[in-house]
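This report sets out selected structural features of one protein model. Please consult the sequence and the structure shown here alongside the text.

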Amino acid sequence: MIPRHSLGNSDDRRPPCAEGVRAVAISEHDQKRRESRVGPAPKEEPEFHPYHHPAAGWGAAKSVSRVLMREGALVDGPRAIMRMNHEGDGFDCPGCAWPDDTKGLHLDICENGIKHVTWEMTGKRVGRDFFAAHSVTELFGWSDFDLEDQGRLTEPMVYDPESDHYVPIRWRDAFELVGRVLRELDDPNQASFYTSGRLGNEATFLYQLMARELGTNNLPDCSNMCHEASGRALQASLGTGKGTVDLKDWETTDALFIMGVNAASNAPRMLTALSEAYRRGAQIVHVNPLVEAAATRTIVPHDFTDMALFKTTRTSTLNLQPRVGGDMALLRGMAKAVLEQARTDPKAVDQDFVDRHTAYFDEYRDLCEATPWAEIEHQSGLSRDDILKAVLVLADADRSIFSWCLGVSQHEHGVDTVREIVNLLLLRGNLGREGAGPSPVRGHSNVQGNRTCGIDHRPTEEFLDRLAGICGIDPPREHGLDTVGTIQAMHRGDVKVFVGMGGNFALAAPDTPYTYEALRSCDLTAQVSTKLNRSHLVHGRQALILPCLGRTEKDQQRGGLQAMSVEDSMSMVHLSVGMKRPASKHLLSEPAVIAGMARAALPDSDTPWEWYVEDYDRIRDTMAQVLDGFEDCNRRVRLPLGFRSKQPARELVFLTPSGRAEFSAAPLPDVVPAPGTLALGTMRSHDQWNTTIYSDNDRYRGVKNLRTLVFMNEDDMRERGISEFDPVDITSTAKDGSHRHLDGFLAIPYDIPRGCAAGCMPEMNVLCALGDYSTQSDQPLMKHVKVTITPAA
């Protein structure tokens, strides 16, 4: 039996309390941004020189050296490099979710991972003296780089409206503030609990348990903005919402189709897999409106011979550049060609697999035959000949993997596009065997684990039944709010409390001014963070900053040094153990923060929150009983490389209504921009991770000292009378006819299809109206914003 008792209040590490403080929002946040008093030197003139060098290699090594020196991490940095992504006593990279190397590689690292780790391990600190010196109004005028560059948060803080400053508060009083406001709500659905992918599995499980014991399924997460379409599509087609392949499949496949992925920046360790695939003769097709650096060639930094000889390896055999949103038409064209080939070549379609394991093939075949090639070419922006080049790769491959990221999912038709990927895999029998299958690239470490461990605003009845039976709670059954729904509800006043576990919600969400208004409408916002960011300055009438341990830091609890588990993008679950002394003695672990809030909000709860925090094995023991596929997880997670979470479709078990893998038959969407408009996609630069900006440079796209830019086709620029670095005004048109504007961005000519444009998030998030979300996935349409671009007035 799990012991059940109440949370004690003893804590000799807590800083003095700011007695009697209550928080209300100041009225004038929207002042013009001022020059920061701290941070980097004034910007130099912007530069653009098209990038023609290999990805990674000496460019990455040089960048890493600069980062280590800038952050003063010449000792801790190399130590971290030798411990990151290592089995046993290593910690999982807090950056991307790419799997750990299966061959025991001792330098399974990348440039962006090292940036992320040293950014967390910085010696700079943000404590009470800093907050005493700078008001919230002043800090709101700082750049996002300057905010995070101040260093690690060191103690809990509460907003004081009289002084417009954050001031210290004891942990026990911070918890009581959260608990009191939650207890006083008229309805538990007036609270929403957000998480980013940084949360470990154990904290994730406790977080959703707290929310559901309170009585709400309002559990929005970053997947709502990124890969929700992928999960829903895979669930509909295969009966489970994850990819079916692992890294060994990548090592044995004959063909890789990489769609809508900027791997060199977003999943740099993929470069190793791509270079190895090329060397053994696999075909590699990249599909993206922009030909990114990872789609050309690379030097893998841990291959010391190649580094010494400057020996590059190609990472593609074919590059296709569809128009923004044209991926589905490309896939439909490939399927149409395969079916046409099958009329004379019976091997073109794996008919035995189709007959034994799929449903609705006839309907899909009829749809493909009825879709004219002219429409496929028009919507994809590609010629029939170019599409047939990709078909030839698919036809010659016995085993193929399709991998994709946000370039596919962040569209109105994202679900249909992912289902079209599955359709093509099914035609060729590329499922349930080595070296074949669907492989979504999750962008953030453990974002997939969050969903596996219960962060889901639409939980299944089976999961809720197990949670009720094992944990002794009565969880709510109605669906909760996702990210878009939460913002809308906060704006209406229906959600009064917002708790954010990690991330930078104010900056990551679409329709920035609307999101700001929504957060400021809350009675309480509480942000659990490691660094100062925009979300601390866009706050409710009461506001808390609750600092927590980072992934690199030792987590000492009563039961000793703790390890947390994470799940990578290919469903492998493994342990992560921090190596560094915490940045402050006042930091708490994420499970401890959650437990403190839960006990304060649920003082009569029978859930043993403190007992769980003493030893995370106890949390995992409960997870093993509640989560399907986590049976015996405490033993299995300690195996080499951990264990694979359950994916029935990998074993050709399909939990669909038909009991088979289901073909979909969706019509092609019209993605061709109207005359005079462009389809704009937002994206990261190379020198950022999600909303964390490391610099104003984007090495792989040849840009220096500039983020407020828009990449355009040269012909589109010429047609509008725009030259390189000309300032332009960008206006988006939402579904409801409303407009949003960005003025003075600089235009850069780029190799991108006509009718398309691209620029950096979060600066361009303002252009995406909150109401412009997919009716299929509820994801904001961040990769397909309809805009007009004109010379600056």
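The model is predicted; local features require pLDDT of at least 70, side-chain atom pairs count only at pLDDT 80 or more, and totals for chains, interfaces and linings use all residues. Residues are numbered from 1 along each chain as its sequence is written, and side-chain values use heavy atoms, with hydrogens and water left out.

## Salt bridges

Side chains of opposite charge can pair when their charged atoms come close. A salt bridge is taken here as a side-chain nitrogen of Lys or Arg within 4 Å of a carboxyl oxygen of Asp or Glu. By this rule the model holds 48 salt bridges.

| Asp-144 | Arg-534 | 3.0 Å |

Helices (H or I, at least four residues) and strands (E, at least two) are DSSP runs numbered from the N terminus.

The side chains of Asp-144 and Arg-534 form a salt bridge. Because Asp-144 belongs to helix 6 (residues 144-149) and Arg-534 to the loop between strand 17 (524-529) and strand 18 (542-547), the pair ties together parts that are 390 residues apart in sequence. Both Asp-144 and Arg-534 are buried.

The other two tabulated pairs lie within helices. Asp-362 and Arg-365 are both located in helix 16 (residues 361-370), 3 residues apart, or about one turn of the helix. Asp-362 is partly exposed at 41% relative accessibility, and Arg-365 is partly exposed with a value of 28%. In helix 30 (residues 714-719), Asp-715 and Arg-718 are likewise 3 residues apart and so separated by about one helical turn. Asp-715 is partly exposed, its relative accessible area being 35%, whereas Arg-718 is exposed at 56%. Elsewhere, salt bridges with shared partners link Asp-221, Glu-228, Arg-232, Arg-451 and Asp-778 into one network.

## Sheets

Two strands are said to pair if DSSP finds at least two bridges between them. Strand 14 (residues 400-404) pairs with strand 15 in the parallel sense over 4 bridges; Ser-403 has Ser-439 in strand 15 as its bridge partner.

Another open sheet consists of 3 strands in the order 21-22-23, with antiparallel pairing. Its edge strands, strand 21 (564-567) and strand 23 (643-644), each pair on one side only. Strand 22 (residues 572-576) is joined to strand 23 in the antiparallel sense over 2 bridges, and Met-572 stands opposite Arg-644 in strand 23. Helix 8 (residues 201-214) packs on this sheet, in contact (heavy atoms within 4.5 Å) with strand 21 and strand 22. The direction of helix 8 makes about 90° with that of strand 21; axes are lines fitted to C-alpha atoms, for helices over the stretch in contact, and angles run from 0 to 180 degrees between N-to-C directions.

## Individual residues

Arg-442 lies in the loop between strand 15 and helix 21 (447-452). Arg-442 is buried yet has no salt bridge, and the nearest side chain of opposite charge, Glu-567, is 7.7 Å away. In this count Lys and Arg are positive and Asp and Glu negative, while His and the chain ends are not counted. A polar contact is a pair of N or O atoms within 3.5 Å; within protein, one must be able to donate a hydrogen and the other to accept it, and residues adjacent in sequence count only if both atoms are side-chain atoms. The side chains of Arg-442 and Gln-448 share such a contact at 3.0 Å, and a polar side-chain atom of Arg-442 lies 3.4 Å from the backbone oxygen of Gly-241.

Thr-298 is part of strand 10 (residues 297-299) and is buried at 1% relative accessibility. The side chain of Thr-298 reaches the backbone oxygen of Ala-55 at 2.8 Å.

His-491 is placed in helix 23 (residues 483-492) and is partly exposed at 28%. Not counting residues up to four places away in sequence, His-491 touches Tyr-514, Glu-517, Ala-518 and Ser-521.

How values were computed:
Buried < 20%, exposed > 50% of the residue type's maximum accessible area, 1.4 Å probe, protein only.
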